[in-house]
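Below are my entries, in the order I made them.

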Amino acid sequence: MAFLTEDEPPRGVALPVLPGIWRLVARNPSVMTYHGTNTYLVEGDDGLTVIDPGPADEAHVADLVRAAGDRPVRRIVLTHTHSDHYGALPALAAATGAAVYGYKKSARRDFTPPNPLDDGDEVAGLKAVFTPGHAADHLSFAFGVPGTGKILFSGDHVMSWSSSIVSPPDGDMVAYYKSLERLLGRDDVLYLGGHGPLLTEPRRLVGELLEHRKTREATILAAVKERDWTVAELAEHLYHKTDYRLKIAAQRNVLAHLLKLEFEGIVRQAGGATRGAPDDHVPDDLPPADEKFVSKREIEGMLTDAERRFVLSR
Ligand SMILES: [Zn+2]
């Protein structure tokens, strides 16, 4: 696939992207986040709108406040509530007094958007496009830029540098396919994603992402026709990842494909491990997940998921 790369961007400064739009790259680089999360500043008649505050990092919040300067931050808008996009929200909202907007049904138990958005709603010229799949509460935002045309803040649904992880149950492969197909039917000329540089000719990549998933799904189905596999075995067979985080990410994607095939009645789980089943060995007093550490309970859930075994339905 035609993914893009870029040199490490300067930290702590607002990088001009398009007229009236700047990008601040947070200091959270990793194999999962590339150089870090993109926070966008969009200038409007009454001040600034921030798209995705970024990870919980005081320095990033200070950078954002400094970049805003004497322009008031009127609104904070979320593409989704994963920690690398949501984490700085409480601090930035407190520092600026901005109104907070996000998808009406948050995927976080500890957050309800004060200003809920639904598909098609508009705020400060940003039109919400519901694009679940990577996250259950994922919105993209369509925006018109004079001289450029229609652009889309595509969050982590479509990114220029990598494909997205689809990790059940928040991630859903059936929804992800539909959301990619939805974007194929649009005519946005540029995407500004949650990580990585600006994406030109976006529909070409969207088409490739969809084809890539269909090919992956066909490979998984062919493998399951040969024999039954656990999620971990199949991920190892297909991806050969050595980095622990990439190995887990591969397992999550394989599980998401298998659950799509299960939803379609093509495969079924063969007894054994079921997420959310007996977990009495997991203590209750666990720390909440954040952008650096997933909770012990989540890790337990992922390890359990990796042992789930799938067979052909008929
Ligand atoms: Zn992200």
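**Sheet, helices and confidence**

I began with a strand pair: β8 and β9 (residues 126–130) run antiparallel to each other and share 2 bridges. For V123, I found the bridge partner L126 in β9.

Next I traced the whole sheet. It is open, with 6 strands in the order β8-β9-β10-β11-β12-β13, and its pairing is mixed. I noted β8 (122–123) and β13 (199–200) as the edge strands, since each pairs on one side only. A reminder to myself: strands of a sheet pair through backbone hydrogen bonds, either parallel or antiparallel.

Then I turned to helix α7, residues 244–263. I counted 20 residues, and the span from first to last C-alpha is 28 Å, close to the 28 Å expected at 1.5 Å a residue. After α7 comes G265, and I wrote down its positive phi, near 80 degrees.

How do α5 and α7 cross, and at roughly what angle? The axes of α5 (residues 202–226) and α7 come within 10 Å and cross at roughly 75 degrees. I call α5 roughly perpendicular to α7 because angles of 65 to 115 degrees count as such. At the contact, R216, E217, I220 and L221 of α5 meet V254, H257, L258 and L261 of α7. I sorted these contact residues into 5 nonpolar, 1 polar and 2 charged.

Last, I checked confidence, as this is a predicted model. The chain's mean pLDDT is 91, and 92% of residues reach 70 or more. Residues 275–293 have pLDDT below 50, and this stretch has 25 contacts in the model beyond near neighbours in sequence. Where pLDDT is low, the predicted coordinates should not be read in detail.

Terms used. Residues numbered from 1 in each chain as written. Predicted model: local features only at pLDDT ≥ 70, side-chain atom pairs only at ≥ 80, totals over all residues. Helix = DSSP H or I, 4+ residues; strand = E, 2+ residues; numbered from the N terminus. Expected span 1.5 Å × (residues − 1). Pairing = 2+ DSSP bridges. pLDDT = per-residue confidence, 0-100. Contact = placed C-beta atoms within 7 Å. Axes fitted to C-alpha atoms, helices over the stretch in contact; angles between N-to-C directions. Parallel < 35°, antiparallel > 145°, perpendicular 65-115°, else oblique. Nonpolar A, V, L, I, M, F, W, Y, C, P; charged D, E, K, R; others polar.
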